[in-house]
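Hello,

Here is the structure I promised to pass on to you.

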Amino acid sequence: MEAQRTQISPRITSLQDALISGDSAALEVFWREISEQGAPLIETIEGDVTHHLVTFLWRARAETHAVTVWGGPAGLDHPEHNQMTRLLDTDLWFKTYRVETNLRGAYSFTVDDALSRAGDEVTSTSHHFITDPLNPKVTDEKEDLILSLLELPDAPPQPWILPQLDAKKGQVELHHLRSQILGNERRVWVYTPASYTKNGAPYGLLLLFDGAGCINHIPVPTILDNLVHADKIPPLVAVLLDNVDQETRNRELFLYQPFVDFLTQELMPWVHEHYHVTNDPAQTIVGGGSGGGLAAAFVGLRASETFGNVLSQSGSFWWGSNKDPEEAEESHLPQEWVIQQFIASPRLPLRFSFEVGLKEDWGWMHMATANRHLRDILVLKGYEVDYAEFNGYHHWVCWRGSFADRLTPLVGKGSEG
């Protein structure tokens with residue numbers, strides 16, 4: 001992703017003019033303003049209602065030679081274009097971008113981080129990423145790498161992710177499930193709504209991949225509590241399936257038939273044995289984000305008799321089959337294998353709700369292109385499709401807010417089980 005072209009911040013320009021004119025107090029006034037309002041500095045653009053100027057700031061507390069912005073509008077692949085500029089001989093370093101006013105994302109800094117060049121690619125050699133000390137908004141501390149949040153004034157609200165005091169809380173139980181088919185064991189969290197009972201009609205079922213992320217980063221239990229309380233969805237049971245490790249995830253979620261067999265022959269029988277849930281595929285949802293979104297579509301393709309609804313957030317539908325994940329990424333040749341399978345197959349009893357971020361662009365592969373292709377194919381084949389695009393990146397800080405929007409079209413309002 002190429003960086004936005006350099007813009008000029010009016011506030012930084014006025015500060016520079018004040019300092020040049022001899023107003024030595026102007027810098028401290030500026031830092032007091034930033035300490036009160038937080039960073040980055042966000043300014044409107046006269047005559048442009050769809051964009052703002054975003055200026056990332058760094059206050060050097062020691063001798064500093066270079067500060068680089070990573071992520072957000074800076075992207076991750078051209079650090080040499082995203083180094084900050086020092087203001088005169090002050091402790092202020094800055095970098096300004098023109099961005100859409102509804103953007104949401106995450107970013108970090110490196111300070112005096114040496115860059116190396118390999119062909120046309122410039123990378124950081126130390127990878128000592130740090131959050132923005134002037135920005136109090138950060139990603140969840142359960143993340144391996146904590147990042148700072150960038151949220152423009154018109155970024156979509158995320159009303160469902162925080163607990164509501166009057167919303168009754170469901171229960172989350174942690175299990176460990178051994179698979180004979182896959183030869184491994186994993187954690188499985190199962191959410192049951194506050195009103196859960198084993199009497200009456202069975203509950204609808206939601207199966208999500210990357211279970212730990214559904215607990216730590218996309219607060220699925222809280223979102224479900226809130227949606228039930230607001231009468232947006234009927235109470236349902238959610239199964240949050242964890243990964244054994246990253247290597248295993250890279251195998252199981254990327255077009256792997258034994259994983260589908262595990263779901264249909266081991267996981268689902270176990271769920272039905274222990275929980276009062278439906279066996280109606282029309283009331284059963286499989287979903288995930290990124291590779292999990294790809295897996296959800298693949299599971300729907302191979303097991304529509306069990307899963308009648310597919311939920312995907314930024315699904316990796318560009319992926320090719322029968323390739324090691326790292327090898328496939330290095331090939332830089334989007335194959336769209338699962339899309340080709342939907343083209344070739346007869347229409348299946350499936351419904352879809354999926355989305356993609358407009359900033360999910362790696363140059364050689366544009367996520368929106370693959371997702372739009374899948375959407376168009378499904379519509380032409382006569383599938384029921386709910387599709388959306390958001391102005392953001394391949395990150396859970398975007399997915400957590402829109403998860404409810406992807407779920408509700410597949411569940412709808414109904415009566416309690």
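First, the ground rules. This is a predicted model, in which local features need pLDDT of at least 70 and side-chain atom pairs count only at pLDDT 80 or more, while totals for chains, interfaces and linings use all residues. Residues are numbered from 1 along each chain as its sequence is written, and side-chain values use heavy atoms, with hydrogens and water left out.

**The sheet of four strands**

Helices (H or I, at least four residues) and strands (E, at least two) are DSSP runs, numbered from the N terminus. Two strands count as paired if DSSP finds at least two bridges between them. On that basis, four strands make an open sheet with antiparallel pairing, in the order E1-E2-E5-E4. Its edges are strand E1 (41–45) and strand E4 (85–86), each of which pairs on one side only. Between E1 and strand E2 (residues 48–59) there are five bridges, and the two run antiparallel. If you want a place to start looking, Ile 45 stands opposite Asp 48 in E2.

Helix H2 (residues 26–37) lies across E1, E2 and strand E5 (92–100), and runs at about 110° to E2. For such angles, axes are lines fitted to C-alpha atoms, for helices over the stretch in contact, and angles run from 0 to 180 degrees between N-to-C directions; contact means heavy atoms within 4.5 Å.

What length should H2 have? The expected span of a helix is 1.5 Å times one less than its number of residues. The 12 residues of H2 should therefore span 16 Å, and its end C-alpha atoms are 17 Å apart, which agrees.

For burial I used relative accessible area: buried is under 20%, exposed is over 50%, and partly exposed is in between (1.4 Å probe, protein chains only). The buried residues in H2 include Ala 26, Leu 27, Phe 30, Trp 31 and Ile 34. They are on the same side of H2, because they cover an arc of only 135° around the axis; the arc is that of the directions from the helix axis to the C-beta atoms. An α-helix has 3.6 residues a turn, so residues three or four places apart point the same way. The face of H2 turned away from the buried side carries the exposed residues Ser 35 and Glu 36. What do the buried residues of H2 pack against? Their partners are helix H1 (10–20), E1, E2 and E5. After H2 comes Gly 38, with a positive phi near 85°.

H1 can be described in the same terms. Its buried residues are Ile 12, Leu 15, Ala 18 and Leu 19. Seen down the axis of H1, these fall within an arc of 120°, so they line one face of the helix. They pack against H2, E2 and E5. Just after H1, Gly 22 has a positive phi of about 105°.

**The sheet of three strands**

Another open sheet has three strands in the order E3-E6-E9, again with antiparallel pairing. The edge strands here are strand E3 (67–71) and strand E9 (148–151), each pairing on one side only. From one strand to the next, the twist averages 35°. E3 pairs with strand E6 (residues 104–111) in the antiparallel sense over five bridges, and Gly 71 stands opposite Tyr 107 in E6.

**Strand E12**

Five of the five residues of strand E12 (residues 204–208) are buried. Gly 204, Leu 206 and Leu 208 point one way, and Leu 205 and Leu 207 the other. E12 pairs in the parallel sense with strand E13 (residues 236–241) over five bridges, where Leu 205 stands opposite Val 237. With strand E14 (residues 284–289), E12 has parallel pairing over four bridges, and Leu 206 stands opposite Ile 285.

**Single residues**

Gly 75 sits in the loop between E3 and E4 and is buried, with a relative accessible area of 7%. Gly 75 and Lys 359 are 284 residues apart in sequence and 9.2 Å apart in space, C-alpha to C-alpha.

How many disulfides are there? A search of the whole structure finds zero, counting a disulfide as a pair of cysteine sulfur atoms within 2.5 Å. Cys 214 is buried at 7% relative accessible area, and Cys 398 is buried at 8%.

Best wishes
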